[in-house]
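Please take a moment to turn the model around before reading on. The paragraphs below will walk you through it step by step.

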Amino acid sequence: MQYEFYKNPLFRVYAELEEGRVRMKTSGIASPFLEKMLAENLGIFEGKKYSRVEEKNLIFSTWMPPIPSPAFDRLVKSQLSAMFGKMIPDQVTISITEDCPNNCIHCALPDSKQRAKLAPDTVKNIIDQVLEMGSTFIIFDGGEPLTYQGLKALIRYVDPKKAISGMFTSGVGLTPEKARALKEAGLYALTVSFDSASEAKHDYIRGRAGVFKSAVSAVKNGLAAGLLVNMYVVLSKENLAELDAIYALASKLGVHELSFYEIVPTGRWLEHSSEILSPADLKKFDAFVARADPLKGPKIFPIPQIMRTTGCMAGRKWLHITPEGDILPCACIPCSYGNISCDKLKAVWKKIRKDQVYNADSCLMRNPEFRKKYLGL
C-alpha cells in the first residue's frame, strides 16, 4: 500500500510501510533535485513509527491530518510556503473556558479568577478566520474544555476537509456517552494529560484526588469510542526518573501516541525558570526515546527533539486564543498582540510575524533575555 504525500507532473512523494515503520519514496524527473531540497521535511517521517493505519489512510501522528486527505494537502502546501518564508499558523489552540475542576501547579493559564469563557459564536468566528488563513489543526483546551456547554457544536463546526480538530483534557467528565458524542461530532484526536505513572503523584500535581482515575477512564472511553488517543506528558525534573513507567502505562492502555512537552515557566509556573530542564536532563530524555523506540508500543512524539529541527513554533506555526479573547503567539507566551473582539486574526498574525524574535531556534519562554525584554522578569 502506498500513501500519497504530494504529486505533480514532475515529482511525487509517497510512503510505504515496512515492519511498523514509514519508508519515504520519491519519483519523477525532478526527484534528484527536490529530494535533497526536502531532505529535512522527509526526515520527519523516514524510518519513524506511525500512530495507526486505517482502510485508506496513514495516521502518522495524532498531531497531523490523515495521509492522504484534503486537510493534509493543505498542510503540505503550508510547509512548502514556509520554505519560501511565508508562515501560517498550522496549529491554533483555543482556550474556550477558564473553568476547571483541577488546580494544576504548572498550569499555563494565568489565574485571572474571572472564570472567563468564549461565546460559541466567537469561537466559530475564530475557526472561520484560521481556516481561511490555512490552519490545519484546531485544538480546544481550557481550563477543562469538557465543562463547556456546546463543545460538540464547536467540534462539528470544524470543516474536516480543511483541518482536524483536537481536544486537550484532564479526562474529568469524559464518560463513554460523551466520548461517543464527541466522536460523532467529528473530534479527530483526544489528548489526555498525564504528569506521572503514579496515581498519588499525578493527583498531587493536578491538585485534586481522583484525577488520575479520570484520566485513565478518559483514555479507555476515547479508545472505545474509536477516537485517536494521545497521552500528553509535561516533561519535568519531577518525572524524568519514571519515563519508562509512563511508557509502560501508555502501552498498557493502548494509546496511539505518547507526546512529551518540556515544562515551560509560564502561567502558575512563571516564576519557576530555575526548573527548566538542563542539558543533562535532556540527554536522559534522549536516552529514553532511543530506548523505547524499538519497543512494541505507542509512537513517541518527542517535542523537545522536534523543536531542535523546527525551532520555537510560537508565532511561526502556532497561534493561541485565551478565554478573554487575547491573541498570543502561543499558549505559553503571555504577550497579547490583539483581541478577537476588535482585531482580525490575519492582521494580528502579520503583526506578530513582523517581530523577528518569532523566528527563534528554541523556546522563547526559556530564554532569559526574552523574559526580561518582553515580560520584565
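Predicted model: local features only at pLDDT ≥ 70, side-chain atom pairs only at ≥ 80, totals over all residues.

Residues are numbered from 1 along each chain as its sequence is written, and side-chain values use heavy atoms, with hydrogens and water left out.

Let us begin with the chain as a whole. The chain holds 13 helices and 14 strands; helices (H or I, at least four residues) and strands (E, at least two) are DSSP runs, numbered from the N terminus. Along its principal axes, the C-alpha trace spans about 60 × 45 × 45 Å.

How much of the chain is buried? Buried residues make up 54% of the 377 residues, where buried means under 20% relative accessible area, exposed over 50%, and partly exposed in between (1.4 Å probe, protein chains only). The chain exposes about 17,000 Å², and carbon and sulfur atoms supply 54% of that area. Such accessible areas come from the Shrake-Rupley method with a 1.4 Å probe; for residues, only the protein chains shown count as cover. Of the contacts with a separation of 6 or more, 66% are between residues 24 or more positions apart, contact meaning heavy atoms within 4.5 Å.

Now for the empty spaces. Rolling a probe the size of a water molecule over the atoms shows where empty space is left. On a 1 Å grid over the protein atoms alone, a cavity is a set of points where a 1.4 Å probe fits but cannot get out, and a pocket is an open set with protein on both sides within 12 Å along at least five of seven lines; lining residues have an atom within 4 Å of a point. Grid points are joined across faces, edges and corners, and a volume is the space filled by probe spheres set on the points.

By this rule there is one cavity of 30 Å³ or more. The largest cavity has a volume of about 60 Å³, and its lining includes Y261, W318, C330 and L364. Which classes of residue line the largest cavity? Its lining has twelve nonpolar, no polar and no charged residues. Here Ala, Val, Leu, Ile, Met, Phe, Trp, Tyr, Cys and Pro count as nonpolar, Asp, Glu, Lys and Arg as charged, and the others, Gly among them, as polar.

The second largest pocket has a volume of about 430 Å³. Its lining comprises 17 residues, and K86, M87, I88, M133 and G134 lie nearest its centre. The elements giving two or more residues to this lining are α3 (70–83), α4 (120–133) and α12 (345–353). By class, the pocket lining has five nonpolar, four polar and eight charged residues.

Next, look at a few buried residues. F137 is found in strand β7 (residues 137–141) and counts as buried because its relative accessibility is 5%. Beyond residues up to four places away in sequence, F137 touches several others, including W63, V92 and I164. A292, in helix α10 (residues 279–292), is buried at 1% relative accessible area. Leaving aside neighbours within four places in sequence, A292 is in contact with K49, Y247 and I300.

Loops can hold buried residues too: T322 sits between β13 (318–321) and β14 (327–328), and counts as buried at 9% relative accessibility. E242, in the loop between β10 (228–235) and α9 (243–253), is also buried, at 14%.

Finally, some details of the backbone. Most residues other than glycine have a negative phi, and most peptide bonds are trans. A cis peptide bond joins I67 and P68, with omega about -5°, and P68 lies in the loop between β5 (58–59) and α3. Another cis bond joins G142 and G143, with omega about 15°; G143 is in the loop between β7 and α5 (151–157). E19 is not a glycine, yet has a positive phi of about 55°. E19 belongs to the loop between β2 (11–18) and β3 (21–27), and is exposed, with a relative accessible area of 81%.
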